[in-house]
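Work through the exercises below with the sequence and the 3D view open. Each task is followed by a solution in steps.

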Amino acid sequence: MDMEKRINLELRNRKPAEMKELVLDNCRSDDGKIMGLSSEFQNLEFLSMINVNLVSLDKLPKLPKLRKLELSDNRISGGLEALAERTPALTHLNLSGNKIKDLSTLDPLKKLAALSSVDLFNCEVTMLLDYRDSVLELLPQITYLDGFDADDQEALDSDPDLLDDELDEDEDGLSEDEESEEGELDVEEEDDDDDDEDDDDVEAGDDDDDEEEDSDEEQETSRGEKRKREGDGEEEDEDDDDDDDDDDGDDDDDE
């Protein structure tokens with residue numbers, strides 16, 4: 001897919017002025033120049049054109065708010081003046097894997113006062129003696145070269161604004177998502193406690209029912225034994241009466 005078609009695809013019926021990010025990686029520029037990108041993208045902050053066969057930046061439009069530009073794995077060997085003139089707010093520039101051979105090629109970048117990070121991995125310029133010291137001296141405004149500062153400390157984050165947001169989040173305590181998750185956990189714990197209490201109440205109710213049943217059974221048993229005793233007593237009384245009648249009958253016969 002060529003670059004112009006890719007740009008139209010990325011727009012998705014939006015206006016260029018509404019775009020803040022534009023990724024055109026792995027599309028193709030037949031003549032090695034930027035195609036389809038215009039100054040209408042005036043609010044663009046992030047532009048990525050990795051491996052798009054770029055040779056020249058001559059047709060780069062003026063992008064006053066552009067802060068991060070990804071140009072790795074192209075065939076750029078010079079013409080960086082376009083960046084100094086058309087991307088004045090640029091802070092991060094990735095030129096890794098291009099055809100940059102001389103320090104003088106980087107000289108126009110001195111005009112980018114906001115530039116803080118430059119990547120030149122796999123460029124021939126990195127093979128020069130004292131490469132790092134020379135570039136840091138040439139571009140005193142940058143903090144990171146190839147991801148490390150002058151003291152060989154690795155960059156914490158490629159975007160300072162994102163880092164600021166993280167710091168603000170730490171100062172405020174938990175983020176909204178974390179607070180929401182914590183609230184959900186509290187609710188779940190309360191529900192679990194309520195369920196445990198309900199289970200205890202049910203078990204207690206079951207115990208009470210068992211005790212009542214045992215009590216009823218004991219009462220029934222007691223009543224049954226009482227009736228049995230009364231029945232046995234009546235039978236004994238009847239037997240005594242029968243014996244008395246027999247004795248009386250015998251006496252009468254004797255007479």
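**Exercise 1. A residue in a strand**

In which strand does L69 lie? Find also whether L69 is buried or exposed, and list its contacts.

Step 1. Some ground rules come first. The model is predicted, so local features need a pLDDT of at least 70 and side-chain atom pairs count only at pLDDT 80 or more, while totals for chains, interfaces and linings use all residues. Residues are numbered from 1 along each chain as its sequence is written, and side-chain values use heavy atoms, with hydrogens and water left out.

Step 2. L69 lies in strand β3. Helices (H or I, at least four residues) and strands (E, at least two) are DSSP runs, numbered from the N terminus.

Step 3. The relative accessibility of L69 is 1%, so L69 counts as buried. The classes are buried (under 20% relative accessible area), exposed (over 50%) and partly exposed in between, with a 1.4 Å probe and protein chains only.

Step 4. A contact means heavy atoms within 4.5 Å. Apart from neighbours within four places in sequence, L69 is in contact with L47, M49, L83, L90, H92, L93 and N94.

Step 5. L69 and S48 are 21 residues apart along the chain, yet their C-alpha atoms are separated by 5.9 Å.

**Exercise 2. The sheet**

Give the order of the strands in the open sheet, and state which strands stand at its edges.

Step 1. The protein chain has five helices and six strands. Read from the N terminus, the elements run α-β-β-β-α-β-β-α-β-α-α.

Step 2. The open sheet has six strands in the order β1-β2-β3-β4-β5-β6, with parallel pairing. Two strands pair if DSSP finds at least two bridges between them.

Step 3. The edges are β1 and β6 (144–145); each has a single partner strand, so one side of each is left without a neighbour in the sheet.

Step 4. Take one pair as an example. Strand β5 (residues 117–119) runs parallel to β6 and is joined to β6 by two bridges. V118 has L145 in β6 as its bridge partner.

**Exercise 3. Salt bridges**

How many salt bridges does the structure hold? For each, give the distance and the exposure of the partners.

Step 1. Side chains of opposite charge can pair when their charged atoms come close. The criterion is a side-chain nitrogen of Lys or Arg within 4 Å of a carboxyl oxygen of Asp or Glu. The structure holds three salt bridges.

Step 2. E10 pairs with R6, and their closest N and O atoms are 3.1 Å apart. Because E10 and R6 are four residues apart in helix α1 (residues 3–11), about one helical turn separates them. Both E10 and R6 are buried.

Step 3. R67 pairs with E45, with the closest N and O atoms 3.8 Å apart. This pair links distant parts of the chain, 22 residues apart: R67 is in the loop between β2 (46–48) and β3 (68–70), and E45 is in the loop between β1 (21–23) and β2. R67 is buried at a relative accessible area of 19%, whereas E45 is partly exposed at 28%.

Step 4. K110 and D107 meet at 2.9 Å, N to O. K110 is partly exposed, with a relative accessible area of 43%, and D107 is partly exposed with 34%.

**Exercise 4. Positive phi**

Where is R12 found, and what is its phi?

Step 1. Most residues other than glycine have a negative phi.

Step 2. R12 is found in the loop between α1 and β1. Its phi is positive, about 50 degrees, although R12 is not a glycine. R12 is exposed, with a relative accessible area of 60%.

Step 3. N51 is partly exposed at 29% relative accessibility.

**Exercise 5. Confidence**

What average pLDDT does the protein chain have?

Step 1. pLDDT is the predictor's confidence in each residue, from 0 to 100. The protein chain averages 78, and 61% of the residues score at least 70.

Step 2. Over residues 162–167 the pLDDT is below 50, and this stretch has three contacts in the model beyond near neighbours in sequence.
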